[in-house]
Amino acid sequence: GVSTPETSTKHSGFSWGTLRAAFRSKLFLIVTAAFVFIALGRAFNSSLALLFYKNRLEFSENQIAVLLLTLTLAIMGAVPVWLLLSRRFEKGPLCLMGVCSLTILTAVAYPLLPVGALVPVLGVAVLGGLLVACVALLEAMFSDVIELDQEHSDMAITGSYYGIWKMATKIARALGITCSGLFLSAIGFVKGSVAQTDQVELSITWAFGPGVALFFGAGAVFVYMATTAFRQIGLSTK
């Protein structure tokens, strides 16, 4: 038969009630905030990557292609490893270790990379890919949040939670790209120009390294808060 409006709302997982429940959930807000800051950092990083590799490190198109392929393969290969580790260790501390290590690597390694040397950059890309893959654990923690909140709710909250999470991460990516555009404009970057001033190139290097690391560091703070919140209510993230 034809379902009632209430039934349709429940099956769709969205209603104003579930929306309010999401914004009242401390764990939901903390884990989503971690996602947002990491997504901001990744978007900011991606927006500056070609400029950093081409202008600062003077890489060719082929070298950049090899580098990006290496990074992608490292991420893909590392995700199953992080998930296997999470079967033995708690997801929260594991994810925190990964994000903190990524923050330090990003802040320290990129400003020190030598011009034109591909091998050291490939090494940093592999290590960075292995570390950034720990975000898979944050996604698993988000699923734990949904399961926990669902136990205390008589509503179907999954659809609303995932909808808000996806919207928040998309907005974060857009903000990251916007921030990079404003930053380039502020430092005097000349679009379309092959040669940039030394000051512009140096600014891009510091933004690509410590600048991106600030976003990852903020994400690490929220991962720590999420892990602590799980433990406070007597739950493990294992």
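This is a predicted model: local features need pLDDT of at least 70, side-chain atom pairs count only at pLDDT 80 or more; totals for chains, interfaces and linings use all residues.
Which residue forms a salt bridge with Lys91, and how many Å apart are the closest N and O atoms?

The partner is Asp144, and the closest N and O atoms of the two are 3.1 Å apart. Lys91 has a relative accessibility of 9%, and because buried means under 20%, it counts as buried.

The structure holds 3 salt bridges, so let me go through the other pairs as well. The side chains of Arg231 and Glu90 meet at 3.1 Å, N to O, and this pair links distant parts of the chain, with Arg231 in helix α9 and Glu90 in the loop between α4 and α5, 141 residues apart. Both ends are partly exposed, Arg231 at 49% relative accessibility and Glu90 at 22%. Then there is Glu61 with Lys54, where the closest N and O atoms are 2.7 Å apart; here Glu61 is exposed, with a relative accessible area of 53%, while Lys54 is partly exposed at 39%.

The largest pocket has a volume of about 340 Å³ and is lined by 17 residues, with Asn45, Ser46, Leu71, Tyr110 and Val132 lying nearest its centre. Helices α3, α4, α5, α6 and α9 each give two or more residues to that lining, and the largest share, 5 residues, comes from α3. By class, the lining divides into 12 nonpolar, 4 polar and 1 charged residues.

The second largest pocket has a volume of about 290 Å³, and of the 15 residues that line it, Phe35, Arg42, Val135, Glu139 and Arg173 lie nearest the centre. At least two lining residues come from each of α3, α7 and α8, and α3 again gives the most, in this case 6 residues. This lining has 10 nonpolar, 2 polar and 3 charged residues.

Together with Leu50 and Leu68, Leu71 forms a nonpolar patch on the surface, with about 240 Å² of accessible area for the three together. Taken by itself, Leu71 counts as partly exposed, at 30% relative accessibility.

How values were computed
Residues are numbered from 1 along each chain as its sequence is written. Side-chain values use heavy atoms; hydrogens and water are left out. On a 1 Å grid over the protein atoms alone, a cavity is a set of points where a 1.4 Å probe fits but cannot get out, and a pocket is an open set with protein on both sides within 12 Å along at least five of seven lines; lining residues have an atom within 4 Å of a point. Grid points are joined across faces, edges and corners, and a volume is the space filled by probe spheres set on the points. Helices (H or I, at least four residues) and strands (E, at least two) are DSSP runs, numbered from the N terminus. Ala, Val, Leu, Ile, Met, Phe, Trp, Tyr, Cys and Pro count as nonpolar, Asp, Glu, Lys and Arg as charged, and the others, Gly among them, as polar. Patches are made of residues with over 30% relative accessible area and no salt bridge: like charges are joined within 9 Å, nonpolar side chains (Val, Leu, Ile, Met, Phe, Trp, Tyr) within 5 Å. Accessible areas come from the Shrake-Rupley method with a 1.4 Å probe; for residues, only the protein chains shown count as cover. A salt bridge is a side-chain nitrogen of Lys or Arg within 4 Å of a carboxyl oxygen of Asp or Glu. Buried means under 20% relative accessible area, exposed over 50%, partly exposed in between (1.4 Å probe, protein chains only).
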